[in-house]
Amino acid sequence: MSNDAPIKHKLTTQMDQAVEHLKRDLAGLRTGRASVALLDGVRIDYYGTMTPLKQVSNISTPEARLITIQPWEPSQIKEIEKALANSGLGLNPSNDGKMIRVPLPQLTEERRKELAKVCKKHGEETKVQIRGFRRDANEELKKLQKDAKLTEDELRKAEQDTQKLTEQYGQRIDDIIKKKDQEIMEV
């Protein structure tokens, strides 16, 4: 095993985590179709504790533009409606005493463009994070070379590998953003 292997492993792990975080962030962005991930950030006051909505109810998407929420305790319906109203998602829930229905209105062109900008912003932030990981890895590699654990050639090769990895992850981020952008912009 080469001396730079632990650094490369750490770098790959950090970049994977950054990409997964980006995917979770983007899942919460509203597109034209219903997704249970849209409600991942919604928390309700469950007997004095702020609890994720998915831990106190069944959430499903029976239709492309409808999310249904069936609380395990019907007494929580009002609390869930309040949390949805305060979520900033622009949702208008209605209930029948047992279940909450959340119809998703058609997104306006202006709102789609706003969401696309937010999507790109998340992607750019993730790329900045990945470049920071690259910088940290290169500093660690230079320290190994300074400590005579890497030769000049090994350092140059390891830095090239780090750069290739950074470019690969940058491309993955671009692909994820492009796909989400297409979802947002489809009518």
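Helices (H or I, at least four residues) and strands (E, at least two) are DSSP runs, numbered from the N terminus. This is a predicted model, in which local features need pLDDT of at least 70 and side-chain atom pairs count only at pLDDT 80 or more, while totals for chains, interfaces and linings use all residues. Residues are numbered from 1 along each chain as its sequence is written, and side-chain values use heavy atoms, with hydrogens and water left out.

**Arginine 65**

Select arginine 65, in the loop between strand E3 (57-63) and E4. Arginine 65 is partly exposed because its relative accessibility is 31% (buried means under 20% relative accessible area, exposed over 50%, partly exposed in between, with a 1.4 Å probe and protein chains only).

**Threonine 68**

Move to threonine 68 in strand E4 (residues 66-71). Threonine 68 has a relative accessible area of 7% and is therefore buried. Beyond its neighbours within four places in sequence, threonine 68 is in contact with Asn58, Ile59, Ser60, Pro62, Met99, Ile100 and Arg101, where contact means heavy atoms within 4.5 Å.

**The nonpolar cores**

A nonpolar core is a set of buried Ala, Val, Leu, Ile, Met, Phe, Trp, Tyr and Cys residues joined through side-chain atoms within 4.5 Å. Select Met15 and Ile130, which touch the most other members among the 24 residues of the largest nonpolar core. H1, helix H3 (109-146) and H4 each supply at least two residues of this core. Apart from it lies another core, of 18 residues, including Leu38, Leu84, Leu89 and Leu91. Return to isoleucine 130 and show the residues it touches, not counting those up to four places away in sequence: Met15, Ala18, Val19, Thr166, Tyr169 and Ile173.

**The lining of the largest cavity**

Finally, select Asp4, Ile7, Lys8, Leu141, Ala158 and Thr162, which line the largest cavity (on a 1 Å grid over the protein atoms alone, a set of points where a 1.4 Å probe fits but cannot get out; lining residues have an atom within 4 Å of a point). Helix H1 (5-27) and helix H4 (152-185) each contribute at least two residues to this lining.

Definitions and conventions
1 Å grid on protein atoms, 1.4 Å probe; cavity = no way out; pocket = protein on both sides within 12 Å on 5 of 7 lines; lining within 4 Å.
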